[in-house]
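Trainee: I have just opened this one and would like to talk it through with you. Could we take it step by step?

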Amino acid sequence: MTERRTWQELELGVELPAATSLGYKTGGWRVLRPIFNASECTHCMICVSYCPDMAIPIAKSEEGVAGKGGRLFKGVVRLATNLDYCKGCGICAHECPSKAISMVREEEAEQASCKL
Amino acid sequence: MPTLQEIALKTTGADARIVSGHRMCSGCGIGSIVKTVLAASDKPVVVVSATGCLEVVTTIYPFTAWNTPWMHLTFENAASVASGIEAAYKVLKRRGKIDEEVNILAVGGDGGTYDIGFQALSGALERRHKFMYLVYDNEGYMNTGNQRSGATPFGANTTTVPAGKVSFGKPQWRKNLVEIAAAHRISYVAQAAVNNTMDLYKKAQKGFSADGPAVLAVLQPCPSNWSFDSSLTIQYSKLAVETNFWPLYEIENGIVHINTKPSNRKPIEDFLKGQTRFRHLFRPGNEHVIVEMQKMIDDEWARLLKLEESGIQF
């Protein structure tokens, strides 16, 4: 029979390190790849707020980046989609008010990038 | 009120409270809901989630998508565990062992909330534990392949109420969780949808700062089991709001306030079209189901408008 212990002596539950899923790349699920056209983007953040995979990185830019109509957008700006995690659902392309994102079949995107 | 830019800063990157690499289906809006709600807390958040899609996809061993204290528990006791955490936190604070302010969030799907975890939720609300209960409502047990739940709408085809020659799908209307929660006389209850990020963020903020428990029900169209293209999740959420199928409203200290009143209510067919679970309603002989559904939605909406207009405390 095991020795009796009081509740104060019980071991704590298992503690695991946080945010380890970053090591699990879900990009391989993708059938369609979002192609981001920076020259059409108004950096409105609609795609960023909807992206269920948090796969659209953003940055603070003081010098600004060129977007729709050649305008300079300062502050929080959207960067190219992180293809390590993007599952290719297409929500960003569907919801983008300026149609700055288009969905292309993964193999076509792959071929196009090989030709470059 | 923060801008979409400020919210975006809190929801992206490696220090966000939930990070990439989770295994939700492509196009599932649960990620958008949870990241927005977590961003709305200005204090550290302790999260507990009931068994359901969210729990299963974020914590496949040895990976976890949580970047905030998170606890695994069973289907029925999300609200009880949140109560326990809140009680323990109060004791630790009183004894001076902890001085940080924290928020406690319990998350469940509609199965774990409307059905299995309902008793625990009701108890926690009645005991007035200070926590927020978030339910992402995909209108069925979607993780196990589309079984009927208390949140499944009238007329929907599921594996446990299949539509066929003698049945048109679920014959009952879903229960109204928001009003059931409000009947506990808690200070904040709200209904939101994944398509309106600002509204969801505001409601989450109010829920976290409520005096006592708060309940937030968010509609989450399920691309896998409502069966539509994964890019249309936000679109279907929008249609649910525009057809008054899922009105956006809140009950603050018992007073009903409708946040969005569609100026031109769309017919319910607009929402039903394209979803496999409602496909049979467009076959000959089932016209009466859509008519009945439309009538129920209009009646519910008229009742909600009256509730708001009267200003009577819920």
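Trainee: To get my bearings, in which helix of chain B does Gln119(B) lie?
Mentor: Gln119(B) belongs to helix H6 of chain B, which covers residues 118-126. Please keep in mind as we go that this is a predicted model.

Trainee: Is Gln119(B) buried or exposed?
Mentor: Gln119(B) is exposed, since its relative accessible area is 70%. As for its place in the fold, the C-alpha atoms of Gln119(B) and Asn77(B) are 8.7 Å apart in space, while 42 residues separate the two in sequence.

Trainee: What about Ile180(B), where does that one lie?
Mentor: Ile180(B) is part of helix H7 of chain B, residues 177-182, and with 26% relative accessibility it counts as partly exposed. Leaving out residues up to four places away in sequence, Ile180(B) touches Phe118(B) and Lys175(B).

Trainee: And how far is Ile180(B) from Ser122(B) in space?
Mentor: From C-alpha to C-alpha the distance between Ile180(B) and Ser122(B) is 8.9 Å, although they are 58 residues apart in sequence.

Trainee: Let's switch to the two chains together. How many residues of each are in contact?
Mentor: On the chain B side there are 39 residues in contact with 35 residues of chain A. The area buried between the two chains is about 3,000 Å², and carbon and sulfur atoms give 62% of that.

Trainee: Why give an area at all?
Mentor: The accessible area lost when the parts come together is often used to state the size of an interface.

Trainee: How many salt bridges cross the interface of chain B and chain A?
Mentor: The rule finds one salt bridge across that interface. Glu95(A) forms a salt bridge with Lys238(B), and their closest N and O atoms are 3.1 Å apart. Counting polar contacts between chain B and chain A gives 22 residue pairs, with both residues at pLDDT 80 or more.

Trainee: Which elements of chain B give two or more residues to the side that touches chain A?
Mentor: Those elements are helix H1 (4-11), helix H2 (30-39) and helix H10 (233-242) of chain B. H1(B) gives the most to that side, with five residues. Sorted by class, the side of chain B that touches chain A has 17 nonpolar, 19 polar and three charged residues.

Trainee: Of those helices, how many residues of H2(B) are buried?
Mentor: For H2(B) the count is 10 of the 10 residues, so this helix is largely enclosed by the rest of the structure. Among the buried residues of H2(B) are Ser32(B) and Lys35(B).

Trainee: And H10(B)?
Mentor: Seven of the 10 residues of H10(B) are buried, so H10(B) is also largely enclosed by the rest of the structure. Its buried residues, including Tyr236(B) and Leu239(B), pack against H1 and helix H2 (91-95) of chain A, together with strand S5 (188-193), strand S6 (214-219), H9 and helix H11 (269-272) of chain B. After H10(B) comes Asn244(B), whose phi is positive, near 65°.

Trainee: What lies in the loop between H9 and H10 of chain B?
Mentor: One residue to look at there is Ser231(B), which counts as buried at 11% relative accessibility. Its side chain is joined to that of Asp229(B) by a polar contact of 2.7 Å. Apart from neighbours within four places in sequence, Ser231(B) is in contact with Cys89(A), Gly90(A), Ile91(A), His94(A) and Glu95(A).

Trainee: Going over to chain A, where is Ser49(A), and what does it touch?
Mentor: Ser49(A) sits in helix H1 of chain A, residues 46-50, and counts as buried at 5% relative accessibility. Setting aside neighbours within four places in sequence, Ser49(A) is in contact with Leu4(B), Ser32(B), Lys35(B) and Thr197(B).

Trainee: New topic: how many disulfides does the structure hold?
Mentor: Over all chains the structure holds zero disulfides. Cys96(A) is in none, and the nearest cysteine sulfur, in Cys44(A), is 6.2 Å away. Cys96(A) counts as buried, at 10% relative accessibility.

Conventions
Residues are numbered from 1 along each chain as its sequence is written. Chains are lettered from A and ligands numbered from 1 in the order in which they are written. Side-chain values use heavy atoms; hydrogens and water are left out. Helices (H or I, at least four residues) and strands (E, at least two) are DSSP runs, numbered from the N terminus. Buried means under 20% relative accessible area, exposed over 50%, partly exposed in between (1.4 Å probe, protein chains only). Contact means heavy atoms within 4.5 Å. A disulfide is a pair of cysteine sulfur atoms within 2.5 Å. Buried area is the accessible area (1.4 Å probe) that two parts lose on being put together, summed over both. A salt bridge is a side-chain nitrogen of Lys or Arg within 4 Å of a carboxyl oxygen of Asp or Glu. A polar contact is a pair of N or O atoms within 3.5 Å; within protein, one must be able to donate a hydrogen and the other to accept it, and residues adjacent in sequence count only if both atoms are side-chain atoms. Ala, Val, Leu, Ile, Met, Phe, Trp, Tyr, Cys and Pro count as nonpolar, Asp, Glu, Lys and Arg as charged, and the others, Gly among them, as polar.
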